[in-house]
Amino acid sequence: MLVGNELCGPCLTRPPAFEATVAPWLYGFPVNQLISGFKFGGHRTFGRPLAEMLATELEQAQVDRPSCLVPVPMHQQRLRERGFNQAEEIALWLSDRLKIPVRAELVRRRRETSAQSGLNRRQRLQNLRGAFEVGTDLPDHIAIVDDVMTTGATVQQMASALQRAGVNRVQVWALARTPQIPERAI
């Protein structure tokens, strides 16, 4: 599990906009099969046990609790295509278990972006530049919730937007993290 004190080399030279990441599993077999089945395969029932296991990891690690959970938002077009936002469902299940409110309305996708799969970190950051719009009545401490953290580009852009709007502390909670070390944008 990645928790705030463990920093990779690139993060030491260019710290991210978030203070900690909790991602208990690497995105590899069998976790990748469960997440893909949940997200794309029509097996929405796979999501809840994954979220419950993430909640257990968060409790055992005694992670500092945020004021609210903010799922990574989807653009309305992609939401219509998929039928649900997997990050929001994970956040709702975490909320039930950990008693932390979900504030999905705090961040929305301002515009549709290309799919992130197949893009490197620099391309992902460019793709997401200006994609997030932050609301008002912001708490001081937020946890962004997502299913998989790949290069960190999505949560970096979202955390930066939240900080510009006045949030002081941002954590990232995800089910899994891809095993490769992300390349850093220059």
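What covers the buried residues of H7? In this predicted model, the cover includes one helix, H6 (121–128), and several strands. Among the strands are E3 (68–71), E4 (107–109) and E5 (132–134). E6 (141–149) and E7 (169–177) also contribute.

Helix H7 spans residues 153–164. Its length was checked against its residue count. At 1.5 Å a residue, the 12 residues of H7 should span 16 Å. The end C-alpha atoms of H7 are 16 Å apart, in agreement with that value. Burial was examined next. Of the 12 residues of H7, 10 are buried, so the helix is largely enclosed by the rest of the structure. The buried residues of H7 include Ala153, Thr154, Val155, Gln156 and Gln157. Met158, Ala159, Ser160, Ala161 and Leu162 are buried as well. After H7 comes Gly166, with a positive phi near 120 degrees.

Gln157 lies in H7. Its relative accessibility is 14%; buried means under 20%, so Gln157 counts as buried. Neighbours within four places in sequence were set aside. Beyond them, Gln157 is in contact with Leu125, Leu128, Arg129 and Phe132.

Strand E6 was then considered with its pairing partners. In E6, 9 of the 9 residues are buried, so this strand is largely enclosed by the rest of the structure. E3 and E6 run parallel and are joined by 4 bridges. Within this pairing, Cys68 stands opposite Ile142 in E6. E6 also pairs with E7, again in the parallel sense, over 8 bridges. Here His141 has Arg169, in E7, as its bridge partner. From E6 the chain crosses through H7 to E7. This β-α-β crossover is right-handed.

At 1% relative accessibility, under the 20% limit, Ala51 counts as buried. With neighbours within four places in sequence left aside, Ala51 is in contact with Ile90, Trp93, Leu94 and Leu175. The pair Ala51 and Leu94 is separated by 43 residues in sequence. In space, the C-alpha atoms of Ala51 and Leu94 are 6.2 Å apart.

Definitions and conventions
Residues numbered from 1 in each chain as written. Predicted model: local features only at pLDDT ≥ 70, side-chain atom pairs only at ≥ 80, totals over all residues. Heavy atoms only, no water. Helix = DSSP H or I, 4+ residues; strand = E, 2+ residues; numbered from the N terminus. Buried < 20%, exposed > 50% of the residue type's maximum accessible area, 1.4 Å probe, protein only. Contact = heavy atoms within 4.5 Å. Expected span 1.5 Å × (residues − 1). Pairing = 2+ DSSP bridges. Right-handed = clockwise from strand over helix to strand, strands pointing away.
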